[in-house]
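Here is a briefing on one protein chain. It covers salt bridges, model confidence, backbone geometry and nonpolar cores.

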Amino acid sequence: MYLDKYKTDYGIIKTDMSAIVIIPCRYASTRFPGKPLQPLMGKPMIQHVYERARKAAKIKGIFVATDSLEIFDAVERFGGKAVITSDRHQSGTDRIAEAFLKIQQMYDGFVEKDIIVNVQGDEPMIMPEMVDDVIELLQDSRASIGTLARKIDRAADISDPNTVKVVFNMESFALYFSRSPIPYFRDEWKDLAHIRASLSYEVYKHIGIYAYTGDFLLKFIELPVSRLESIEKLEQLRALENGYRIKIATTMYETIGVDTPEDLERVEKCLSISS
C-alpha cells in the first residue's frame, strides 16, 4: 500500500491503513451565522474547503458532517458527500465521531483502524499537501494524533488569544498548546506590549487540522473534559492531559480561519491574488 513507503526516522511504521477526510460543518455561529454557505469567489465557502481537501493524494474518501439540511443540500449540489449529524454536539470532534460511525454503516471498507483527518469547515485556504502531511505523521506508532504548526511572522498573532500557539520537543511531539505567547522570551520581551515577531524568535501557530485513527477517536470522545482544556478552551489539551501524544509537522502554508465577514474578505483577497 502507499503508506508502506513512508517511514519515520525510527523505522516505526503502521501499515494497512487508509484515510478519509471528515469536515465538521454547522450552520449556527454566534459571530457569523450560516458562514459555510457564504459565497466566496462564486462558490459557497464549504465547497472551497471540500474541493481543496479532496485533492490530497493519500485519502480514499471525503465527507461533510453537518447538522444542517441547507448545508447537506449545498454539498450534494456541488457533487460532494455529506452526513447529517445531531445538532446537540458540543464540539466538532463529537460530530466527526457520529459521522464516522454512520459512514461505517453506509459504506464497506471503513474501519476503526482507518485514519480520519479532521479538516475545519471554515478553512477555505487549506492545501491538499497539509492533509497528506498529517496523515504521514501517524506512521509513528507513538503518535495518537497528528497536527500542523507554522512559524509566526506577525507580532499581532503572538499576543492574539485567538491564535493558538504550540511548543514541541526535539522529536516534534507537542508539549503544550496555549492562547498565551509560548515560549515567552523573557530577556527580549519586557512585557506583552513589547512582543514582536522576528525571524530569530521561534513561536509557532497551531493549525487546526488533525489526523487520528477511528479507534482513538471513539476513545477520545469518552474522556471527560480535562482541567487545562476547560481553562484554555482547547480540546487537544484533553489528549495531552490523558497521556496521549500529539506529533507536529511544520508547514510553510498559511491559513485564515473564517470567523467573521471581515475574515471572509481577507480570504477572498488572498485567493484572488493567488489565482
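Arg186 pairs with Asp187 in a salt bridge, their closest N and O atoms lying 3.7 Å apart. The term means a side-chain nitrogen of Lys or Arg within 4 Å of a carboxyl oxygen of Asp or Glu. Both Arg186 and Asp187 are exposed. Exposed means over 50% relative accessible area, buried under 20%, and partly exposed in between (1.4 Å probe, protein chains only).

This is a predicted model, where local features need pLDDT of at least 70, side-chain atom pairs count only at pLDDT 80 or more, and totals for chains, interfaces and linings use all residues. Residues are numbered from 1 along each chain as its sequence is written, and side-chain values use heavy atoms, with hydrogens and water left out.

**Confidence**

- The protein chain has an average pLDDT of 88, and 91% of the residues reach at least 70. pLDDT is the predictor's confidence in each residue, from 0 to 100.
- Residues 1-15 stay under 50 in pLDDT. The model gives this stretch 30 contacts beyond four places in sequence. A contact means heavy atoms within 4.5 Å.
- Where pLDDT is low, the predicted coordinates should not be read in detail.

**Salt bridges**

- The whole structure holds 18 salt bridges.
- One of them joins the side chains of Glu136 and Lys58, at 3.3 Å from N to O. Glu136 sits in helix H4 (residues 128-137), and Lys58 sits in the loop between helix H1 (45-54) and strand E4 (59-66), so the pair ties together parts 78 residues apart in sequence. Helices (H or I, at least four residues) and strands (E, at least two) are DSSP runs, numbered from the N terminus.
- Lys58 is buried, at 7% relative accessible area. Glu136 is partly exposed, at 32%.
- Asp215 and Lys219 also meet through their side chains, again in a salt bridge (3.3 Å, N to O). They are four residues apart in helix H6 (residues 214-220), which means a separation of about one helical turn.
- Asp215 is partly exposed at 33% relative accessibility. Lys219 is partly exposed at 45%.
- A network of salt bridges links Asp140, Arg142, Glu171 and Lys247.

**Backbone geometry**

- Most residues other than glycine have a negative phi, and most peptide bonds are trans.
- Ile182 and Pro183 are joined by a cis peptide bond, with omega about -10 degrees. Pro183 lies in the loop between strand E9 (174-178) and strand E10 (204-213).
- Ser172 is not a glycine, yet its phi is positive, near 70 degrees. Its place is the loop between strand E8 (165-168) and E9. Ser172 is partly exposed, at 24%.
- Lys233, also not a glycine, has a positive phi of about 60 degrees. The loop between helix H7 (227-232) and helix H8 (236-241) holds Lys233. Lys233 is exposed, at 58%.

**Nonpolar cores**

- The largest nonpolar core has 34 residues. Such a core is a set of buried Ala, Val, Leu, Ile, Met, Phe, Trp, Tyr and Cys residues joined through side-chain atoms within 4.5 Å.
- Val21, Ile23, Val64, Val117, Val119, Val131 and Ile209 touch the most other members.
- Elements giving two or more residues to this core include strand E1 (19-25), helix H2 (69-77) and strand E6 (115-118). H4 gives the largest share, five residues.
- Ile23 has contacts beyond four places in sequence that include Ile46, Val49, Ile62, Val64 and Val119.
- Another core lies apart, with 31 residues, among them Ile20, Ile22, Phe63 and Ile248.
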